[in-house]
Each structure stands twice: as C-alpha cells, then as structure tokens.
Amino acid sequence: MNSKQEITLITTHINADLDGLASMLAAQKLYPDSKVIFHHEGEGILRRFFIQSLSYLFNMVSLKELDEYEIKKLVIVDTRQKSRLGEIGNITDKKGIEIDIYDHHERTDSDIKADFELYEKTGATATILTEILIEKSIDITPEEATILSLGIYEDTNSFSFNSTTGKDLRIAGYLRDKGADIEVISNILSREISPDQLSLLNDMVESSISYRVNNLNIVISTVSRDKYIPDLGFLTHKLNKMESKDAVFVAARMESKIFVIGRSSSPEINIGKILQAFKGGGHPFAGSASIGEKTLTQTRDMLLKEIRKYLKSNFKAKNLMSSPPLKILTEDSIDKASKILTKYNINALLAVDEKDNLKGIISRQVVEKAKYHNIVDIPVKEFMSTDFMEVTEDAPVSEIEEKIIGNRQRVLPVRNSTGNLTGVLTRTDLLHHIVSNFREGPFISDSKLHSLSPGTRNISNILRERLPNKIVTLLRHIGRTADQSNINAYVVGGFVRDVLLYIKKNEFDIDIVVEGNGIDFAKNLASSLNARISPHEKFKTAVVSLEDGLKIDVATARTEFYSSPGALPEIEMSSLKLDLYRRDFTINTLAVQLNHQKYGTLIDYFFGQKDLKDKVIRIIHNLSFVEDPTRIFRAVRFEQRFNFKIGKFTEKLIKNAIDMEFFKRLSGPRVFTELKYILMEENPVPAIERIANFRLFPAIHNELELLDRNREIIESSKKVINWFSLNEPGIKIERWMVYFSGLIHNLSPEAKKTICMNFRLPPKDLEIFTKETLRAEQTIKWMKKHKSIKKSEIYLKLCHFKTETLLYLLSITNDEKIKHNVVLFFTEFKKTTINIKGKDLKSMGFKPGPLFGEILEKIFLEKLDGNIKTYNDEFDFAKRYL
C-alpha cells in the first residue's frame, strides 16, 4: 500500500471574496509545491472571474481528493475563525498538523491556535502577503499583480473605506508598476445588477427597519429567496449608500442558509466584532456570517441584541459627559454658587481647592435651602458633599448607571487617563442616553419619512453629492488644519441645515466652531490658504477671507449668558455641546465634524434632524425669547422661508415674551437688523403678516401696525420688485427699503423719523424714509393734476429719486397713467443717450465749465421729447444755443 503524499494545504473562508482569493495566490508563491482548496460557495463576481480566467494559476485540489494526501501544514489566509472554514475547519483539530495564519481581521477569543501567525491592521490581507513577497524578492507577474490588486481594491472599496491604510496604497502602487491591469480591475469590480438582484435590492429597501442605539442609526433588513443570488455584499453596500445610516445589516435566507452581511459608515460600530457572535467576522466597516436553523425573525432579534450589547460595552463616559466641568472654590460663598448655578442653568457644581483638587460637590437643592435660611455668606466647604464617586472617561454605561442611580449621586465627576478632571455626568445626561435608545423605536424604512430622523450619523456622501467640489475640498482642508492643531473642528448651523434640506446655493456662509482657541486656529487656516484674517478678541471669533471672496467665520466653542432680558450676551469658552445649546432653534444646532478620522459625522444633541423632518421651528430652552427677544423675528423668518410651522409651545413662549414687553429692553439697531433680514427675503409678505398676527409691530412703535392699505402696498411692492428684477437683472436694489417704505407708509412724518432714529439708520437712509418718499407721494399728486405731461417733464420729476423710491412710487399708485410714466423712465428715458460730446462743444467755441452740463442736459431733454433725433440735430441745437 502506497504512503500518502505529504502536502501543504492553503485555504480561506467560505463565501470567499477577492481578497481571500488573492491571498491564496500570494500564499501559494510563499509555499512552493503547496495545494489550494477553494470552497464552492462564493460571491457571483468571484466565481465568474475565477472560472473565466484564473484557475490555471492555482495548483488546485478538491475536497474529495484530500483523502489522497497527508496534510502536514495548513495555511489559512484572510480569517482565523474555524467556523468560517466550512468542512476544512475540522482539520485544525487534528494533531501533527502545523498551522500558519495570515490575516488582517481583529483578534478574537475564538481564534484558531496557530504555530505561526501574522496579523496586521491593513485594509486587505493581500497587502500583508504582497509585502512579504517583496521582502523575499519573489517575482510577481502582471497577471498575478492584477489578482493581488483586485483583493486590495475590493476589500478597501477602491480605497474609500476608513480601514484603508497607507500601506495598502503603497502596495497597490507597487503592483501597478509590476503590470496590474487597471482596466481589468475596473471591469471586474463594476457590477451590472441582474433582474434578480434588482428585485432583491428592492425587497431589502422595503423590509428595512431602522433602530436608534446609543444615538446611532442602524438599519436591519430581512429578505428571503428560494435560490442563491450572488453579490449580496455588493447589494448591502448599495443599500448602505441609499440609507445614509451609521450601519446596515442584511439577513438573507437563501436555500437552506441565512447569510448576514454588515456595512458600517461609523467608526463607533465594528461590524466584524458584532458578527463574531454568529461565528462570522470581517473588518470594522464590513463583515459577514452564515447561520443555520434559525428563522429570519430570530436572526434579526439576535442581531439587534448583539448590536446593543456591543454598543453598550463600547459607549463610554466620554461620549456622554458635559465638558469642561463647571467648578467653584471651596472658600467661595453659597451666594456665588447660587449665581453660577443660575447663570449656567445647572443643578450641581464641583468644589475645588486653590490647587484645583476636587474636594466635594454642592447641589442646587442645598444652595436653595441655605438661601431660605439666609446663610448665603457661608463658604461652600461647610455644606458641600464630600462623599462622592468618580469615573474615568472610559467607564462603561453600566458603571455610570450604578454610581448615579445606585448611589443617588446627582453629578458624577469624570477624569482622563492622567487624572485630570475633564467633565461631569448628570442624571439628565444618563436619562437622555437611556431614553434616546428607545424613544424612536423601530420604524419602517421610507427615505421620505426618516431620512432626517434624529441621531448621529455620517453624511460625507451627502456633502459630496450636494456641495460643489470647491466647498468639499475646503471642508477637508479645514479638517486637516484642525488635525494639525490637535483640536476638533465642526461646520455648524445654517450651512448644515441647508445641506440636509437640499437647498441649492451659489454663495455659501461657512460657520466653523472649534473646541480650542478659534483665533489661533483661524490664523493657521488663513496662513495655509494664503487668505486674510479679521480677528475679534472680545467674542473669540475671526473671519478668514479667501481671494475669491468666500468668507469663513471661525468661532471658539463658547457659551453665552445674559445679565438681563434682552441684554447682549457675555461670552465664555466652552464645549461644542454648550456652544450649540446657546443657539436659537433646534434646526440650527446641527454640526458636522471635519477632522479626518470623523469627517462627515453629523452631531445632533437637540433633535434638530427630527424637526427638519417634521418641518417645525422649536426653541432649545424655555427662556430663549426672554434672553434674546429678537429670536422671535428669526422664528418667523425661518418658518416662512422653509414653509415650516412654529411649534405650539414655542408660539406660546413668543406670545408671553411680547406680552411681558421684553422688546422694550432691546436696542433699536438689534430690532432693525432682524426686521431688515425679513424684508430682504425673496418673499417677505407672509412673514410680515405673521409678525402682525403676533402683535409685534406695536412693540416696535406704538403707531406701527399693518393696516389694509399697508398690506396692499407691500403686496404691490412684491410684484413691482419682481418686474424690475426681470427687466433689469444687472441692477442690484435694496429690496428691504421698498418694503420698509410700504410698512411705514401710513405713519406721520414725526413717527417715521422717530422709528428711523430709534433704529439708528444712517443719515442718507433717514433722508429717504422721511423726505424722499414724501416727495415721491407729492409727485404722484402732481402727475394726477397735469393731464398732458412732456417726457422731459416726467424725467426731471423722477431723475433725482433713488431706484428704491421709484419702486415705492410704483407700489403706492393705482393710476395706470402714472405707472406708465414711471415704467417709461426705467425702460426708455434711462436708456436714452446723446451722441454729442464735450469735445464737440469745445470745437464750437464753448469753454469747459457748468455751461457744458447745461447744454448737454438741454439736448438730452429735447431728444426725449422727440425734437432732436440725429447727431446733426444735436449739433445744430448746440450752435443755436450758443
């Protein structure tokens, strides 16, 4: 009986991808005379590619043929999980067989024990093995370079996954130099979706259920087919791009198995680790598993349980805490503690000594009792709690729950790894976290219904699709500058709101908030962009002006507090969370991180996405309009601009602020600025009506109200402005001046002057609203009295008025003849020119001086009236005038 031939066997995981295939090829070159076993299960793209062109490169052996050989060494590539090896996995239990493993997936407790193991955190295992071939000077043919490149390209999604490393790029470059065929790679990686796949993708979309776990949006889709349909991983990737969520999982029953595929867009969700519970694996951003003897419902429930388990164990104190912590010296008085608690609207303070050592915690409840007993001058140390617990930034939620709830501790100090106080956790923070995981519950996937649902998610794809390349490149550059400065940078506010609402723009207002010194960051940014900078030390802000006119507003993350209702805010450095809390409405509290590692991460503390979806304007806290009543104007402006609705409670607070006359404490310029913004809107008429409904105009001036005549003029102004913009697109006008003239039309000259003076309008604007508009009204009366008016007379009456005043004149008259005269002024008179020049007058003997202007004007007026038509007529008229 012949003895069996000893061999080295190379294998990879079932459902092998191109990285597994490429890694086996590289391993075969490292282990001469070895044999390769290829599992029959696999993705459609791989089978097609393999059958068509690759089989000749492998020294293949089938599962049946293994009995003819004695395996001395087993080489496993692209996995370390026995469960992912199929029937080959049983070989790992046999004694006397050496096992070598090459893999780039993260280690787990269930890894196969190997005699030799090489693990490296790269985007593909093919990268690791190709580097060994290079080190050992083993030559690579162009065909082999193409296959190895395919493994790297597919597993990094053409270098777009966050798991891509510099080494992947370098090795891919080397393989290209060795003859890797980019055209072949492109053709193989480009998928044409078959009718069966399209039907499956449609079912994946329809069956998608979205869950909110730890402020992350996760989609689980379950589908079923009687036959195996290839490229499920590709279809899951497509679904992930369509959903724009933090992670997507698909559980598909095909034939007798359930295949689970996961894709992640967030560094906080590790797909490979989650799928280890199903004896699967993968990368942090992609993975797969196969399950037997379970229903789809059971699989979905198990999957959701594992996701929550993983995220709960990985959600730390640093994700929940408020930073920086607010502190008070132990020697400071109870009265000072009361003021700080009220100023920042918090319920507890950390008490520290002069060396910043934490000594205790003082709560609002204790402070209020001390105030009740009139002992506010006593030091904080006399009443602070000294028996308290702390946590580190990496403390899990379970520890936080135990210390806050179990110990009934109102506030929990948080320290970093070096022992420094970095933040605090409150009962409210914990409650918000617990509720946020269940308040939404699952809801059926429908892009129109939940594409803007609350929660943190990555929107880098949305930024790329909806913004010009120039702006995306600039945002990336800002992120790199922030990384170099070792600070976090975010684009915030209206910029993010308008991107999510898909409002197309030609001009962009880019507002950047940094958790650090905003002015220093702005200087670095300006230097890198060769731009100008205008710093504002008082508000810790700066404006960076680029050569093309684009401006970037940079602000230090800050908090504001108001010493009295309507006062200007006082500024202190703070965190992003507190910076967003100071803003006006939830829809303006959205932020997108720009740092490279978290680029595109949308941050939403106050459910701004939900209010965008629901089309609601809501304030962030109940005293918002008390602190700054001008926010009422903004609420109305945003409501009408976006066709949203002011929330019921927000509307109630608006009415309360007006009834309590907080507007009287505002300076005129602040009121005017907000009113002007409204009048500058494309269509301010509905906003003006809304302000009138809130009885806000009398709060500005007791005589100011929206009468029927004002409504008529303002509505007419809109039509007049639209007509002018259409006929004179090159002339820029101050639209707000036309509307404002109509708004104050019914007032006495004294009232108009009082309002303008209160608004502190510049003298030229004061002149327009108090005198020029009055002259325009008198001109209407003059035109009504004179039935036959020469064109030159019309011109002389109108030429001294500003364009905005003439549009106001058009708005206030119903006389068609007068309207015709004004329209003629714009369409004919202002376009009329004369041919004769000053040099012609000099040739006639005129001396340069005031007479030149007089003669030229006379000629122009005669031409308007039709008495002069040609250059010769103009010349003859000048000679007669001489």
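**Entry 1: overall form**

I began with contacts (heavy atoms within 4.5 Å). Among those in the protein between residues at least 6 apart in sequence, 67% join residues at least 24 apart. My notes rest on a predicted model, where local features need pLDDT of at least 70, side-chain atom pairs count only at pLDDT 80 or more, and totals for chains, interfaces and linings use all residues. Residues are numbered from 1 along each chain as its sequence is written, and side-chain values use heavy atoms, with hydrogens and water left out.

I looked up the radius of gyration, taken over C-alpha atoms. The protein has 37 Å, but a compact globule of 882 residues would have a value near 29 Å. That globule rule is 2.2 Å times the number of residues to the power 0.38. Along the principal axes, the C-alpha atoms fill a box of roughly 135 × 90 × 50 Å.

I then checked burial: 54% of the 882 residues count as buried. Buried means under 20% relative accessible area, exposed over 50%, partly exposed in between (1.4 Å probe, protein chains only).

I found 38 helices and 30 strands. These are DSSP runs (helices H or I, at least four residues; strands E, at least two), numbered from the N terminus.

**Entry 2: cores**

I searched for nonpolar cores, sets of buried Ala, Val, Leu, Ile, Met, Phe, Trp, Tyr and Cys residues joined through side-chain atoms within 4.5 Å. The largest has 130 residues, and Ile-512 and Phe-740 are among those with the most contacts inside it. Apart from it lies another core, of 36 residues, including Ile-10 and Leu-150.

**Entry 3: helix α5**

I checked the length of α5 (residues 166-177). At 1.5 Å a residue, its 12 residues should span 16 Å, and the end C-alpha atoms are 17 Å apart, which agrees. The expected span is 1.5 Å times one less than the number of residues.

I listed the buried residues of α5: Lys-167, Asp-168, Ile-171, Ala-172 and Leu-175. They cover an arc of only 135 degrees around the axis, so they sit on the same side of α5. The arc is that of the directions from the helix axis to the C-beta atoms. These residues pack against α3 (125-135) and α4 (142-155). The face turned away carries exposed Arg-170 and Asp-177. Gly-179 follows α5 with a positive phi, near 110 degrees.

**Entry 4: positive phi**

Most residues other than glycine have a negative phi. I noted Ser-137, not a glycine, at a positive phi of about 55 degrees. Ser-137 is in the loop between α3 and α4, and counts as exposed at 65% relative accessibility.
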